[in-house]
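I opened my notebook to look up how this chain is packed and paired. My notes follow the display.

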Amino acid sequence: MTEMPNLTGGLVDLLGLKLDEVGPDRVVIRWEVRPELHQPFGIQHGGVYCAVVETAASVGGSIWLGGRGTVVGVSNQTDFLRAVREGELTAVGTPVHRGRSQQLWQVEITDADGRLISRGQVRLQNLTHS
């Protein structure tokens with residue numbers, strides 16, 4: 001059994017992220033878009049999408065690597081496809097590639113109607129214990 005990373009406090013709490021499913025092959029995160037997370041024009045800030053994409057990939061990648069070490073993000077490329085002012089969003093992260101030294105995860109963010117809002121990918125470096 002792999003140990004769940006400690007996600008209490010910090011950015012996860014600040015953004016109000018709820019982890020619905022956490023495993024080595026799939027991570028599901030939900031959160032509510034609210035004014036504190038808006039950019040100046042009243043829509044969800046793109047940085048929130050980047051943070052959620054990185055969180056989903058890092059959690060899944062960390063669980064997959066397990067006791068062999070830890071992971072760190074080395075690249076985050078996130079596209080913003082649709083503006084959102086309110087409502088609940090859901091991010092689903094899945095692995096694209098998991099190798100000895102790196103992992104690549106993709107994350108799709110949808111709204112309550114299933115429309116694709118944002119998508120991203122994160123490359124993780126596996127830092128294994130010597």
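I looked at α2 (46–65) and found 15 of its 20 residues buried. Buried means under 20% relative accessible area, exposed over 50%, and partly exposed in between (1.4 Å probe, protein chains only). Helices (H or I, at least four residues) and strands (E, at least two) are DSSP runs, numbered from the N terminus.

This is a predicted model: local features need pLDDT of at least 70, side-chain atom pairs count only at pLDDT 80 or more, and totals for chains, interfaces and linings use all residues. Residues are numbered from 1 along each chain as its sequence is written, and side-chain values use heavy atoms, with hydrogens and water left out.

Next I checked the length of α2. At 1.5 Å a residue, its 20 residues should span 28 Å, and the end C-alpha atoms are 29 Å apart, which agrees. The expected span is 1.5 Å times one less than the number of residues. Just after α2, I noted Gly-66 with a positive phi of about 60 degrees.

Then I looked up the core. A nonpolar core is a set of buried Ala, Val, Leu, Ile, Met, Phe, Trp, Tyr and Cys residues joined through side-chain atoms within 4.5 Å. The largest one has 28 residues, and Trp-31, Leu-89 and Ile-109 have the most contacts inside it. α2 gives the most to this core, ten residues.

Last, I turned to salt bridges (a side-chain nitrogen of Lys or Arg within 4 Å of a carboxyl oxygen of Asp or Glu). I count eight by this rule. Asp-20 and Arg-30 form one of them, at 2.3 Å, N to O. Asp-20 lies in strand β1 and Arg-30 in strand β2, so the pair ties together parts ten residues apart in sequence.
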